[in-house]
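Work through the exercises below with the model open. Each task is followed by a solution in steps.

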Amino acid sequence: MTDHEILQELMDKADVRRYDCYQCGKCSGGCPMADGMDLKPRGIMRCAQIGSLDRILKSNTIWLCSGCYACADRCPHDVNIPAFIEEARYEAARRGITRRDSEVLNKVFVANLKMFGKSHEMILAGLYNALALKPTQDMAALPHMAGKRMIGPAPHRIEGRDELAKLIERAENWDKLEEYK
Ligand code: SF4
Ligand code: SF4
């Protein structure tokens, strides 16, 4: 398949039509993550229009997008950029184009959910910093978080966490489940 065909497939899955975008930039203007992105939401759509699949898949944008939908809400043509970004993220993962820090955060977050039934900030941050080799990241925020009781020493385990862990395991193995074959 050519890059154009793969892009078309990703856009079809996201229900996005590339020429609906007329490059007004309202999406980028409202994106809370745009400052850290090497390709702003408008740029994602421009690359889609010109068939630059590689540029999209290698951008940090697809890993930074939080899926907040501010861009889609602001778009005068209802272009669903987050849905397209999500499909691009799947395609990047299929090709082994991933970011180590994103993978680490994902693993630590899911392990946290399985263990406690919710994300425990101290453990999340501690494990992430250690495994992502960023030992001092966000340390300055600790006093503020402790003052607001957003973090504490004793992890609280919610009721029903075992059921949640089973649901997560089902989601992780959904492609092996008989009912989805
Ligand atoms: S807001 Fe919509 S039309 Fe404007 S640049 Fe972004 S995607 Fe394109
Ligand atoms: S959904 Fe993603 S690209 Fe759109 S505004 Fe939110 S973070 Fe930015």
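**Exercise 1.** Which pattern does the protein follow when read along the sequence?

Solution. The model is a predicted one. Step one: count the elements, which gives 11 helices and zero strands. Step two: write them in order, and the pattern reads α-α-α-α-α-α-α-α-α-α-α.

**Exercise 2.** Find the domains of the protein and state how many Å separate their centres.

Solution. Step one: domain 1 covers 3-94, and domain 2 covers 100-180. Step two: taken over C-alpha atoms, the centres of domain 1 and domain 2 are 27 Å apart. Step three: for the protein as a whole, the C-alpha trace spans about 50 × 45 × 30 Å along its principal axes.

**Exercise 3.** Describe how helix α8 packs with helix α11.

Solution. Step one: locate the helices, α8 at residues 100-116 and α11 at residues 161-172. Step three: list the contact residues, with V110, L113, K114 and F116 on the α8 side and R161, L164, A165 and I168 on the α11 side. Step four: sort the residues of this contact into six nonpolar, no polar and two charged.

Methods. Residues are numbered from 1 along each chain as its sequence is written. Chains are lettered from A and ligands numbered from 1 in the order in which they are written. This is a predicted model: local features need pLDDT of at least 70, side-chain atom pairs count only at pLDDT 80 or more; totals for chains, interfaces and linings use all residues. Domain bounds come from an automatic or database domain assignment. Axes are lines fitted to C-alpha atoms, for helices over the stretch in contact, and angles run from 0 to 180 degrees between N-to-C directions. Helices (H or I, at least four residues) and strands (E, at least two) are DSSP runs, numbered from the N terminus. Two residues are in contact if their C-beta atoms, placed from the backbone, lie within 7 Å. Ala, Val, Leu, Ile, Met, Phe, Trp, Tyr, Cys and Pro count as nonpolar, Asp, Glu, Lys and Arg as charged, and the others, Gly among them, as polar.
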